[in-house]
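Here is a short briefing on one protein model. Please look over the sequence and the fold before reading the points below.

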Amino acid sequence: MARSSLSSSSSTAVNTSAVIMMVVAMVAMAYFPYAAADAVTIVNQLGEDLVLHCASANDDLGVQTLVNLQEYGFRFRENIWGSTLFWCDFTATGYPPHRQDVYKGDRYLADTCWCTSCNWVVSPKGFICNGKQQPSWTWGGSN
């Protein structure tokens with residue numbers, strides 16, 4: 001009898017702990033800043049097709065082909081460490097292939113393009129993030 005009541009009290013303690021952890025997780029998701037969905041949008045303003053392939057360590061978003069002025073976007077949740085990284089490989093006729101980070105943690109490019117909603121424009125002049133030209137993110141010297 002002592003054995004079954006010990007087992008019963010252990011089971012109750014485990015169930016209570018699980019409920020408490022679930023409530024804490026729900027509250028954290030509602031109020032913790034990383035719980036909000038972040039977003040990346042990429043708009044093609046090259047005047048020709050832009051092929052991109054975006055991915056993270058955990059997600060491969062596949063290959064997308066954007067015609068001129070078409071946009072592509074995705075939403076995600078920042079990891080608790082603030083180290084989420086998404087990059088895209090960009091290719092277009094007449095431009096060298098280019099891989100670039102489009103989102104890099106909650107402190108992403110704090111001095112030039114901090115964002116939780118990163119709006120990218122790809123143009124012949126290079127890459128523009130939230131209205132700000134990214135000088136180091138150009139297509140190279142010829143364009």
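**Fold at a glance**

From the N terminus on, the elements run α-β-β-β-β-β-β-β-β-β. That gives the protein chain one helix and nine strands. Helices (H or I, at least four residues) and strands (E, at least two) are DSSP runs, numbered from the N terminus. This is a predicted model: local features need pLDDT of at least 70, side-chain atom pairs count only at pLDDT 80 or more, and totals for chains, interfaces and linings use all residues. Residues are numbered from 1 along each chain as its sequence is written, and side-chain values use heavy atoms, with hydrogens and water left out.

**Whole chain**

- Of the 143 residues in the protein chain, 33% are buried. Buried means under 20% relative accessible area, exposed over 50%, and partly exposed in between (1.4 Å probe, protein chains only).
- The chain exposes about 8,800 Å², and carbon and sulfur atoms supply 60% of that area. Accessible areas come from the Shrake-Rupley method with a 1.4 Å probe; for residues, only the protein chains shown count as cover.
- Take the contacts between residues at least 6 apart in sequence: 51% of them join residues at least 24 apart. A contact means heavy atoms within 4.5 Å.

- Four strands form an open sheet in the order 3-2-5-6, with antiparallel pairing. Two strands pair if DSSP finds at least two bridges between them.
- Strand 3 (60–66) and strand 6 (95–104) stand at the edges; each has a single partner strand, so one side of each lacks a neighbour in the sheet.
- From one strand to the next, the twist averages 15 degrees. Axes here are lines fitted to C-alpha atoms, for helices over the stretch in contact, and angles run from 0 to 180 degrees between N-to-C directions.
- Seven bridges join strand 5 (residues 85–92) to strand 6 in the antiparallel sense. Cysteine 88 stands opposite glutamine 100 in strand 6.

**Disulfide**

- The structure holds one disulfide, a pair of cysteine sulfur atoms within 2.5 Å.
- Cysteine 54 and cysteine 88 form it, with their sulfur atoms 2.0 Å apart.
- The pair links distant parts of the chain: cysteine 54 lies in strand 2 (residues 50–56) and cysteine 88 in strand 5, 34 residues apart.
- The link is right-handed, with 100 degrees about the S-S bond.
- Cysteine 54 is buried at 0% relative accessibility. Cysteine 88 is buried too, with a relative accessible area of 0%.

**Strands 1 and 4**

- Strand 1 (residues 37–44) pairs with strand 4 in the antiparallel sense over seven bridges.
- Valine 43 has glutamate 71 as its bridge partner in strand 4.
- Strand 4 (residues 71–77) has a covered face of Tyr72, Phe74 and Phe76. Its uncovered face holds Glu71, Gly73, Arg75 and Arg77.
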